[in-house]
Amino acid sequence: MNSFTELKKKSSADWNSLSIMADPVIYLGMASCGKAAGADKIKEVIFKTLSRYDLKAKLVEVGCIGTCYLEPIMDIAAHGNPRLSFGNIDERTAELILHKYLVDKEIYNRKVLGHLGSKPFDGIPGFFEQPMLKSQVRIVTKNCGFIDPENIHHYIANDGYQGLNIALGKEPSEIIEEIYESGLRGRGGAGFRTGKKWKTCYDTASDKKYLICNADEGDPGAFMNRLLIESDPHAVLEGMVIAAYAIGATQGYIYIRAEYPLAIKRLQNAMKQMHENGLIGKNIMGSDFSFDIKIKEGAGAFVCGEETSLIHSIEGLRGMPRTRPPFPAVSGLHGKPTIINNVETLGTVPHIVRNGSQWYRQYGIDNNWGTKTFSLVGKIRRTGLIEVPLGTTLRKIIFDIGGGTQKEFKAVQTGGPSGGCIPKELLDTPVTYETLASVGSIMGSGGLIVMDQDTCIVDIARYFLDFIQKESCGKCTPCRVGTRHMVEILEKICEGQAEPEYLDKLESLAKLVKSTSLCGLGQTAPNPVLSTLRYFRNEYIEHVNEYYCPALVCHSLIEYIVVKEKCTGCQRCVSVCPTGAITGPRSEVHNLDQEKCIKCRACYEICRFDAIAGNAIEITSRKEG
Amino acid sequence: MEQTDTLVIDINNFPAEEGSLIPLLQRAQAEYGYLKEDMVEQIAEYLGLTPSQVFGVASFYSQFRFTEPAKHSICVCLGTACHVSGGETLVEAFERDLNVKPGEKTADNKFDLNRVACLGCCALAPVVKIDNDIYSKVGVIKLKEIWSSYE
């Protein structure tokens with residue numbers, strides 16, 4: 001294994017050169033979320049500023065650290081000081097920060113997030129002291145936002161491929177044992193013990209076996225896999241090679257959403273580097289083990305997250321599920337034993353192999369060992385991606401890490417369209433596979449969508465069911481027809497057209513679909529309805545009996561009105577109203593014609609955000625009945 | 001619309017097996033923006049399938065389209081985070097402003113309007129994507145400013 005020692009040496013030299021470099025080093029977060037927040041423009045500003053002041057600096061494009069609400073994020077290491085991180089910057093402040101720091105050696109305090117040094121620095125807080133980061137345990141996201149995902153040396157210098165190096169020196173059965181002992185469970189949501197799954201495949205004799213990485217992150221509101229692949233693609237790939245060695249697979253696939261072009265690019269680039277360094281292909285790291293990986297782009301079907309559908313999709317068929325058993329570990333792709341693991345599961349594997357199963361088990365609680373990433377989105381102050389030990393309570397995640405909600409917290413939705421809404425009374429629930437199931441939700445892949453008083457529970461249930469109904473593959477009747485009827489009932493409730501007995505009908509239909517559908521998609525589809533009926537039945541009843549939507553969301557049940565006392569008569573709303581519903585001469589209270597109003601929200605927005613308007617448009621829902 | 005263009009994609013670089021079907025369809029769509037009928041026929045012939053088998057697979061997946069896209073594609077994200085932040089209101093506003101329904105094109109062939117499940121930028125919801133540009137935290141009154149900048 002001398003070649004790896006050499007590669008490691010070379011990599012460390014490349015990585016360390018950044019910290020001993022005389023010129024400043026600028027790190028810019030360039031994952032999809034950073035780009036969406038404007039990182040490309042910041043990059044231009046960096047080049048312009050450097051040339052304007054005739055400065056020399058090295059720009060390193062990194063991935064995302066997960067504090068998405070602070071994007072765009074730029075770090076600067078200069079003057080022998082620790083690396084400083086600046087957040088929420090725009091083109092103007094980026095130039096200001098660069099100029100002040102690189103030319104005048106002054107730190108623009110208003111945008112500084114923290115320093116990344118090991119010792120206190122100049123009254124600036126440590127970066128990881130930030131409330132969103134403080135309670136996290138970053139294992140699988142360790143490198144995210146710190147290394148250049150397109151530079152294999154950065155990964156190797158940060159313990160990368162060390163796990164593979166160790167694995168190849170052991171028997172496959174030893175690796176499986178280690179993973180089993182670690183207690184690692186499938187991070188895609190179902191939570192099956194990874195080591196056990198691998199052993200089934202290992203024990204099945206076959207001339208050919210496959211390993212598939214499931215990166216078909218279909219849950220709306222979840223982006224754990226995207227962020228991990230964009231920020232640290234080698235971690236997932238290393239996990240794949242280790243897994244393939246353990247189960248005896250010679251061919252691997254990454255099934256990834258076509259909607260993630262940057263992640264695909266990063267994978268292609270990383271695989272090219274692996275080939276160049278003998279980390280994939282024939283005789284990996286000089287061993288007898290050969291393994292190659294192909295990227296398969298998904299074509300947009302939520303059901304393909306289900307194992308057997310995914311296999312059909314790779315085979316070039318419609319992505320429809322089949323009954324199990326046989327399980328793919330015994331008979332999968334082309335009828336051969338196949339292991340399908342989620343991105344995060346595979347990304348965790350190298351860490352366990354390197355550090356041992358006992359090390360991994362120091363995190364988490366009973367039978368839920370290790371950490372899990374979650375995407376924290378919705379009506380929450382600090383949105384982003386986090387990694388915490390399993391067993392952390394929802395309250396800690398939402399309030400300590402996420403900073404809570406601005407308005408009153410209502411519920412948190414876990415597990416995407418297959419999950420449920422959890423109310424505030426259950427916020428002290430520790431997050432484990434079993435506890436989430438016991439409160440009517442699921443772990444899922446890790447999407448946590450926070451809802452406040454402005455989120456209508458019935459509308460959310462309708463939204464998820466509508467999503468599932470459209471994504472149902474149509475193979476089995478309960479899912480195909482049942483979800484359609486459920487959507488119809490929910491639409492009626494949202495429109496104020498429902499009869500009181502609809503709620504019981506909805507509930508019994510939900511139970512039927514849950515118990516009789518063929519695959520996981522249909523079996524979990526009713527969860528959003530069942531959980532909301534369980535915890536928020538009153539809100540359904542208000543919709544049905546009083547035509548009242550307390551969150552002021554359901555179009556048919558709300559009205560826009562002008563509050564006379566507040567209206568300044570500025571005519572801003574008149575100018576944006578697309579239907580001429582608002583009228584009134586300047587400086588007089590405006591009139592809103594309910595007959596013409598299409599509830600497009602334009603008047604509401606302009607009245608709230610325009611300086612001379614009086615925040616006079618309100619949305620109401622009248623209780624009737 | 002029936003044309004007999006020869007397929008200029010590198011069809012022979014794909015192994016002639018069923019597993020190549022979806023990659024081939026993706027390749028063809030990347031080249032032309034949609035799947036033309038004669039393309040589907042050629043792919044079917046190359047893989048030894050019937051055109052209806054190929055259509056059966058292609059129509060199952062939401063990625064594939066059978067009509068020519070407009071000059072610019074507007075995608076309104078309706079992932080959960082975008083939904084709770086008002087994504088649906090944005091769809092309605094586009095429908096009104098451009099006089100177009102989701103899945104359709106404007107009369108001048110300038111825009112097509114699409115609903116997408118999730119772009120993965122949930123922290124910046126609601127999100128609208130036009131071609132490859134992503135606009136975050138979009139409000140109804142900002143919309144016109146955004147789309148009118150496209151020629």
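A cis peptide bond links it to A:Arg324, with omega at about -5°. Keep in mind while looking around that this is a predicted model.

There's another cis peptide bond between A:Glu71 and A:Pro72, where omega is about -5°. You'll find A:Pro72 in the loop that runs between strand S2 (58–62) and strand S3 (74–77) of chain A. Most peptide bonds are trans, and that's the background for pointing these out.

## Chain A as a whole

Chain A contains 25 helices and 20 strands. Its C-alpha trace spans about 80 × 70 × 40 Å along the principal axes. A compact globule of 625 residues would have a radius of gyration near 25 Å, and chain A comes in at 27 Å, so the two agree.

How much of chain A is buried? Of its 625 residues, 55% count as buried. Among contacts in chain A with a separation of 6 or more, 72% are between residues 24 or more positions apart.

Nonpolar side chains tend to be buried together in soluble globular proteins. Here the largest nonpolar core has 244 residues, and A:Val241, A:Ala243, A:Cys603 and B:Val127 are those with the most contacts inside it. Helix H11 (residues 233–247) of chain A gives the largest share of this core, 11 residues.

Take A:Ala243 as a close-up. Setting aside neighbours within four places in sequence, A:Ala243 is in contact with A:Trp198, A:Leu211, A:Ile339, A:Asn341, A:Leu346 and A:Val349.

H18(A) is mostly covered, with 12 of its 15 residues buried. The buried ones include A:Ile457, A:Asp459, A:Arg462, A:Phe464 and A:Glu471.

Now over to chain B, where the 12 residues of helix H1 (residues 21–32) should span 16 Å and the end C-alpha atoms are 17 Å apart, which agrees. Its buried residues are B:Leu21, B:Ile22, B:Leu24, B:Leu25, B:Ala28 and B:Gln29. They cover an arc of only 160° around the axis, so they lie on the same side of H1(B). What do they pack against? Their partners are helix H13 (307–314) of chain A, together with helix H2 (37–47) and helix H3 (51–58) of chain B. After H1(B) comes B:Gly33, with a positive phi near 85°.

## A hairpin and some loops

Strands S14 (residues 409–414) and S15 (residues 420–423) of chain A run antiparallel and are joined by four bridges. A:Thr414 has A:Gly420 in S15(A) as its bridge partner. The two strands make a hairpin with five residues between them, and A:Gly415 in the turn has a positive phi of about 85°.

Most residues other than glycine have a negative phi. A:Lys105 is not a glycine, yet its phi is positive, about 55°. A:Lys105 is exposed, because it has 10 other C-beta atoms within 10 Å. In chain B, B:Asn99 also has a positive phi of about 55° although it is not a glycine, and it lies in the loop between helix H5 (87–98) and strand S2 (111–116).

Key. Residues are numbered from 1 along each chain as its sequence is written. Chains are lettered from A and ligands numbered from 1 in the order in which they are written. The expected span of a helix is 1.5 Å times one less than its number of residues. A residue is buried if 20 or more other C-beta atoms lie within 10 Å of its own, exposed if 12 or fewer, and partly exposed in between; C-beta atoms are placed from the backbone. The arc is that of the directions from the helix axis to the C-beta atoms. Two residues are in contact if their C-beta atoms, placed from the backbone, lie within 7 Å. The radius of gyration is taken over C-alpha atoms; the globule rule is 2.2 Å times the number of residues to the power 0.38. Two strands pair if DSSP finds at least two bridges between them. A nonpolar core is a set of buried Ala, Val, Leu, Ile, Met, Phe, Trp, Tyr and Cys residues joined through C-beta atoms within 7 Å.
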